[in-house]
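Let's go through this one together, question by question. Have a look at what's below before reading on.

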Amino acid sequence: MSETPIQAGATKERPLSPHLMIYKPIPTMVMSILHRITGAALYFGTILVAWWLIATASGQASFETVSWFFSSFIGRLILFAYTFALMHHMLGGIKHLVQDTSAGLGKDFTTKMAKLHPVASVILTVLIWIVGYAVR
Amino acid sequence: MANQNDMRTPLSRVRGLGSAKDGTEHFWRQRLTAIANIPLMLFFIWTIISLNGVGYEQTVAYLSHPFVSIIMLMVVGAGIYHMKLGMQVIIEDYVHGAMGKALLIANSFFAIAISATCSFAILKLGFGG
């Protein structure tokens, strides 16, 4: 008689906890995911900030290169997306700070805020760019 | 009230540091830097706006003002510490084992490298080039 393995099936795939794709997307969930995505985007965007600062500190030639990049179409597109990421993440962060005080956690209220969140982010982003070109 | 099944010592309960040994420190610093980042990032946005389309001389003049240097150092300090904490949570959530550890180390190194680069540039400009 063959020996029965004590840990039958131990090497099989274990069940995992349900993940994002199993749920129907709802506004609060989508904004939460976007908060993380914008955070990660801002993380890698610091490379651009570092590039801009170090180029400016290095002299006119490198400053002209970095200025050329940021005033190019691609450069402006990246900066616009970066502005949006910053605004979205900032509004999400302010929401978190308010929720830390246990305020505004009602089901309908959080959904209403989550729907307003992307709209407010876009408005702020566009506003910043309008001001940016107006004061130029 | 001590639970009969709680095997922790009274000292451990009082310290409240939990199994990770650092209590709410990560959470607190995330929030602290978040609060700091609101005015700091608004200042940073204003800086970028006011330097839009401005030439080399004027950009250097603006960035070498002591007030701007000091605030920019704080922008970099609070901003990069905040993002380091945030990325740490993302890594801990999704990547496990040796790869997770490697990424956590890379995260710390990246944060330090970026802040060193930015701080050096800010100070170089601040001290007049």
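Q: Among contacts in chain A between residues at least 6 apart in sequence, what percentage join residues at least 24 apart?
A: This is a predicted model, where local features need pLDDT of at least 70, side-chain atom pairs count only at pLDDT 80 or more, and totals for chains, interfaces and linings use all residues. Residues are numbered from 1 along each chain as its sequence is written, with chains lettered from A and ligands numbered from 1 in the order written. A contact means two C-beta atoms, placed from the backbone, within 7 Å. For pairs at least 6 apart in chain A, the share joining residues at least 24 apart is 73%.

Q: What order do the elements of chain A run in?
A: Helices are DSSP runs of H or I with at least four residues, strands are runs of E with at least two, and both are numbered from the N terminus. Chain A has four helices and zero strands. From the N terminus on, that reads α-α-α-α.

Q: Why is chain A more spread out than a compact globule?
A: The globule rule is 2.2 Å times the number of residues to the power 0.38, and the radius of gyration is taken over C-alpha atoms. For 136 residues the rule gives 14 Å, so chain A counts as more spread out, with a radius of gyration well over that, at 23 Å.

Q: Which helix gives the largest share of the side of chain A that touches chain B?
A: Here 24 residues of chain A are in contact with 26 of chain B. α1 (27-58), α2 (60-71), α3 (73-99) and α4 (107-134) of chain A each supply at least two residues of that side. The largest share, 12 residues, comes from α1(A).
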